[in-house]
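The sequence and structure come first.

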Amino acid sequence: ARALKSPTQRNDKLDGIERRDKIVIELIETEESNLKQLKLCVKAFLEPLRNDTSHEMDIDMMFLNIENIIVVAEKLLMMLRGQQTLMSHEQMIGRCFTHLEEDLHREYTFYLENQAAVMDMIAQYQKDKVNKQLLDSCLYQIKDETTCWDLQSFLIRPVQRIMKYPLFLRDMLANTPTHWADRPFLVSATEIVDNIVVYANENKRKDELLKRYNEEVSESSLLPKLTLHSLKKKGKRLTTTLTHSLNITSSVVEDQTFAGLSEKFASLVLIIKTLIREASNFTDLLKKVQAEMDELCTNIHNFYDCLETQKNVFLYHGAALKIAQNYTPRFIKDLEGGPLGTLSELLAVFTAPQYFIEKRNSKILDYDNLSTQAADGSINESLRIARGEFEALNKQLLDDLPKSNNKKKTTMKDSCPVEMGSTAKSQSEVSYEAQYNYRARSPAELSLSARQVVSLMDSTNSDWWFVKAGRRQGFVPAAFLKLKHAASQSVRPSYNLA
């Protein structure tokens, strides 16, 4: 004979079904409330800000795919309401979630991945008084319809909602009889939302990791903190590095895209450092040469007795002094204040990517070391964390390195007034025409033919002007020239950095 269940057992089962019904009601009510607040956010903030062109806030980035999330929420709510009309044992709540698995995963993972950056962006925007007033005015229009106190409290709702789904589904599963058709669907639905929540938590941890590393970059002048734990990790990394160098099998497959970007970035850093060093050495040498030139010219002047020769030496000495006093300081100033200064700033910007590359390489060694011990179940969590940290750094670098590599081109183009390797022509040059033939009497002078056009480079000395004729430059008597065309009243030499 079949054993009869006690009244207590029957009541427990009945209570469980009643609890499930209450959970379904609460799920639908909170879904309605959440959807209402999201639509209110679009109505009060997104639409007015999108139509207002007076501000410079990035509206698409601020609100991400919140409109798509509303569409998914509407689909889910409609399906839940449909199930609520059925008898309790006929309701397929879990199937509502499994049916929307692709939509839930696509929209929520994208939103969660970028949500931290959005919050930082809004915080920066609100530092501007005009932006803050604009956002406050949007909130004021709906102050009686919501309990949210700012835009961020609206935008955090999708995150909070996806975190609550597993709680609802687990409670529902615990109160669903094993023979009900909805039970396996509830199990699958719980796994679906759990995966999204795990992704959210992992993404948050990665953001915190990158934030911590960025803070470490800003404090890079401090001595590294050495602990027993850090020394052990460095030792394991060294062992793994040696293992790789001996061609012993590794469980890590190198990311070829990252390897190419990293190699290009390292070459760029090396080129910039070399250019800065060589340019600095050149300017130092140039200063020494100019310091010794005056003494050299004096010695040459004293060496010759011939009056005509002394005149040529005098002209040479004058040209040397003009170069030392006018052109050399100006050239060094322009070089240090322009390309060299910009390159130094660019190199400072590259500090963070360099640090991230170093950390990324360390994390891949940690992961490789732990993966060799994967048979031990106790290190599975450590392996997951190491993998997560490596993937976070790798993704960040894949985003940042192309920007860093491209930044060099735009920075040099903006900072250098002269294209590298080209012959520069100053827009401020003044053209003169020779009235007579003139034959140069020293290497510092320039021979001219009557009616030859030259460009004036310097007229500091009223008797002898420094001019350029094609690729030749030199001093000529000012009285031999007459103005042909003035492009500008100011005169400034043009430098070719080739």
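Rings of Phe, Tyr and Trp (its six-membered ring) count as a pair if their centres lie within 6.5 Å; planes under 30 degrees apart are called stacked, over 60 edge-to-face, and the rest tilted. By that criterion the structure holds seven aromatic pairs. This is a predicted model, in which local features need pLDDT of at least 70 and side-chain atom pairs count only at pLDDT 80 or more, while totals for chains, interfaces and linings use all residues. Residues are numbered from 1 along each chain as its sequence is written, and side-chain values use heavy atoms, with hydrogens and water left out.

**Overall make-up**

- The chain has 14 helices and five strands; helices (H or I, at least four residues) and strands (E, at least two) are DSSP runs, numbered from the N terminus.
- Of the 498 residues in the chain, 41% are buried, where buried means under 20% relative accessible area, exposed over 50%, and partly exposed in between (1.4 Å probe, protein chains only).
- Contact means heavy atoms within 4.5 Å; among contacts between residues at least 6 apart in sequence, 74% join residues at least 24 apart.

**Aromatic pairs**

- The ring centres of Phe 97 and Tyr 165 are 5.2 Å apart and the planes are at 75°, so this pair is edge-to-face.
- Phe 97 belongs to helix H4 (residues 93-99) and Tyr 165 to helix H8 (residues 157-174), so the pair ties together parts 68 residues apart in sequence.
- Phe 97 is buried, with a relative accessible area of 1%, and Tyr 165 is buried with a relative accessible area of 1%.
- Tyr 436, Tyr 438, Trp 464 and Phe 480 are linked by ring pairs into a cluster.

**Nonpolar cores**

- A nonpolar core is a set of buried Ala, Val, Leu, Ile, Met, Phe, Trp, Tyr and Cys residues joined through side-chain atoms within 4.5 Å.
- The largest nonpolar core has 60 residues, and those with the most contacts inside it are Phe 45, Met 62, Phe 63, Phe 97 and Leu 155.
- Helix H1 (residues 7-51) gives the most to this core, contributing 13 residues.
- Another core lies apart from the largest one; it has 22 residues, including Val 430, Ala 444, Ala 469 and Ala 478.
- Leaving out residues up to four places away in sequence, Leu 155 touches Cys 41, Met 62, Phe 63, Ile 66, Tyr 111, Gln 115, Val 118, Met 119 and Ile 122.

**Helix H6**

- The buried residues of H6 are Asn 131, Leu 134, Leu 135, Cys 138 and Leu 139.

**Strands**

- Two strands pair if DSSP finds at least two bridges between them.
- E1 and E2 pair in the antiparallel sense over four bridges, and the bridge partner of Val 430 in E2 is Leu 456.
- Four of the five residues of E1 are buried, so E1 is largely enclosed by the rest of the structure.
- Strand E3 (residues 464-469) and strand E4 (residues 472-477) pair in the antiparallel sense over six bridges, with Val 467 opposite Gly 474 in E4.
- The hairpin of E3 and E4 has two residues between the strands, and Gly 470 in it takes a positive phi near 65°.

- Most residues other than glycine have a negative phi, and most peptide bonds are trans.
- Leu 64 has a positive phi near 50°; it sits in the loop between helix H2 (59-63) and helix H3 (66-84) and is buried, with a relative accessible area of 17%.
- Arg 451 has a positive phi of about 75°; it lies in the loop between strand E1 (430-434) and strand E2 (453-458) and is exposed, at 67% relative accessibility.

**Ile 385**

- Ile 385 is found in helix H14 (residues 380-415) and is partly exposed, with a relative accessible area of 29%.
- Ile 385 and Glu 202 are 183 residues apart along the chain, and their C-alpha atoms are separated by 8.9 Å.
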